[in-house]
Amino acid sequence: MAKKASSLFTPKKTQQYPIVIPRDKHTLSRSNLSSNAVKVLYRLNKEGYDAYLVGGCIRDHLIDMEPKDFDVVTSATPEEVHAIFSNSRLIGRRFRLVHVTFGREIIEVSTFRANANPDSDTSDSKATNNSLKGKDSARSSHGIILRDNVWGDIEQDAQRRDFTFNALYYNVADFSIHDYCGGLEDIQARQVRIIGDAGQRYQEDPVRMLRAVRFAAKLGFDIEPETAAPIKEIAHLLDHIPPARLFEEVLKLLGSGNGVATYHLLKEYGLFHYLFPETDDLIRSNWQSPSINVEAFILQGLSNTDKRLSEGKSTAPYFLYAILLWPKVLFRHEEFLAQGLPETPALHQAASYVLDNQVAHTSIPRRFSTPMREIWDLQFRLPKRFGKRAFTLEKHPRFRAAFDFILIREESGSDLNNLGEWWQSFQDADEKERRNLINQADPLKNGKKAPTKRRIRRRKPNTKRTSFDTTDSTQNE
Ligand code: ATP
Ligand code: MG
C-alpha cells in the first residue's frame, strides 16, 4: 500500500535528487525479487558494471502489488551484456536491449540511455554507423522517436523514463533505492506524473498517453493534472504509431485484469477512438439495434476478462479482439442483409470488412483473426441445434470460446432465447437428456414454425445457367 512508501519518504520543500533510501529504511529485499534478476545484477556488478533494478518491479512492490516482471538497467552496452550471458539474445531496433533467459523467465536488460537531442539527430546512414557506439537515434517528421539508442548515465536514464514512479532504482550493491524524479512522493500521493513537459514527452512517444491511463487504472491512481492536460488534444498522434506496437499495447491495456477501468479512462481521454475507431463511432453515434447494446456488450466482455484473470484463468487475445470488433461486424452484417445478401456470405463479408479496416490501426496476426472469424461464425451456427448439429458443434475447436461469447451477449442484454442456458444444459446432460434438449429446441418437433428456407427457383431444362453461385443461407450449416 501507499502506507509503505509514506513511511519511508517525507518530502522536503527543496529536495535534492537522487533521494537515496538505505536498506534499513525500505521493505524491498532480495527475498522479494526474482532470484534470476538478482543473479543478473550480481554478475554485471562482478564484471565491473553498474546494475540496478528499475521500473515496475520497484513501483509495484512499494504499493504491495505483485511485480509482473523484473527489468534491469546497466552501464554495460547491449553487446557487452550479450557477451557476459551465454543465455541471452540481442533484441529490438527502435530500442536495443538484451533478453537473458532462464527457462520461462526473461530478464530484460537495457543500457542507461540519454534523451537524444532532436536537433542533433543522426541521419539514417550515420545512425547505422553509430549504432554500436550508442549514438543511434532518429525521429519522424512528427517528432516521434523512431530509434532511442543513445547511451548515457543513470541520471540521464532517469530523465528519459516515462513516469516518476518508473524512475526508481534498486541498487543490489548496497540494497538502497534511488529516487531521481520524485516517484516516492507521487506514490504517496497516488498519482501518475510524467517526467518533464507532458506535451513534449507525448510528442516523442504517443504510447506514453496509453501508458498513463494503463498505470492509473492498474494502480488506482489519479493522473496528475499537468500530465493529463494535453492528452485529449494530441490523442490523434497515436495514428502515427505502427499498428504492431498498438496491437501489443491493447493487450496490456484491456487484457491485463483492469480492462473495465482502463476502458473508461481510454474513453474519457479520447484515446479509445485511435485504437478502435469503428467501434467508437458506433458508441458515439448511439447506434440502436435490437441485437446489441454496443457499450454494454464491450463492458461485459471486459469485465468477464477481468474476472477470469482475477480467478487465475487464462484469456485469449483473439477473444478480446473478437469482443471489441463484434459490434461493427453485426452492423455491417445487417447492412449486407438489407442489400439482399444471404446470412453466411453477409457475415463473411462483414468480418473481412471489419478486419481489413482494423489492421490499419492495430495489427491482428492471422493466428488471431482466424479464431475471431470462427467465434463470429459460430454465433450464427450455435442457435441451429437440430438433428446431429449440436453434437458436431460441440466438438468445434472454438466451441468453448463461442459459448462464452454467447453468455456475454446475453449478460449484456441481448435476447437470444436463452441460448446460453440451453448450451450449458446440453454440456451437462447425459445422452438421453441431450436428445430431449435437441427435440425441445427443434422447431418442427416443438410445434413452432420451421425456419423458412429460401426456395431455389426451378429453371426450365433448356435455360442456360450461369456459373454464379446462388447458394442460400444454409450453405454453412
Ligand atoms: P509493467 O511491466 O508492470 O507493465 P513497467 O513500468 O515495468 O510496468 P515496462 O513496459 O516493463 O513497464 O517498461 C520498463 C520501464 O521502462 C518503465 O518502468 C519505464 O521506466 C521505462 N519505459 C517503458 N516504456 C517507456 C516509454 N514509452 N517511454 C519512456 N520510458 C519507458
Ligand atoms: Mg516491466
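Helix H15 (residues 294-310) packs against helix H20 (residues 399-411) with the two axes 8 Å apart and an angle of about 125 degrees between them. This comes from a predicted model.

Which residues of H15 and H20 make the contact? From H15 come Phe297, Gln300, Gly301, Asn304 and Arg308, while H20 brings Asp404, Phe405, Ile408, Arg409 and Glu411. Sorted by class, the contact of H15 with H20 holds three nonpolar, three polar and four charged residues.

Now for a second pair of helices. Helix H9 (residues 207-219) and helix H13 (residues 259-268) have axes that come within 9 Å and cross at roughly 140 degrees. That angle makes H9 oblique to H13. Here, too, the helices pass each other in a right-handed crossing.

On the H9 side you will find Leu210, Val213, Ala216 and Ala217, and these meet Ala261, Thr262, Leu265 and Leu266 of H13. By class, this contact of H9 with H13 has seven nonpolar residues, one polar residue and no charged residues.

Here are the two pairs side by side:

| Helix pair | Axis separation | Angle |
|---|---|---|
| H15 and H20 | 8 Å apart | about 125 degrees |
| H9 and H13 | within 9 Å | roughly 140 degrees |

Note on methods: Residues are numbered from 1 along each chain as its sequence is written. Chains are lettered from A and ligands numbered from 1 in the order in which they are written. This is a predicted model: local features need pLDDT of at least 70, side-chain atom pairs count only at pLDDT 80 or more; totals for chains, interfaces and linings use all residues. Side-chain values use heavy atoms; hydrogens and water are left out. Axes are lines fitted to C-alpha atoms, for helices over the stretch in contact, and angles run from 0 to 180 degrees between N-to-C directions. Helices (H or I, at least four residues) and strands (E, at least two) are DSSP runs, numbered from the N terminus. Contact means heavy atoms within 4.5 Å. Ala, Val, Leu, Ile, Met, Phe, Trp, Tyr, Cys and Pro count as nonpolar, Asp, Glu, Lys and Arg as charged, and the others, Gly among them, as polar. Angles under 35 degrees count as roughly parallel, over 145 as roughly antiparallel, 65 to 115 as roughly perpendicular and the rest as oblique. A crossing is left-handed if the near helix is turned anticlockwise from the far one by less than a right angle, and right-handed if clockwise.
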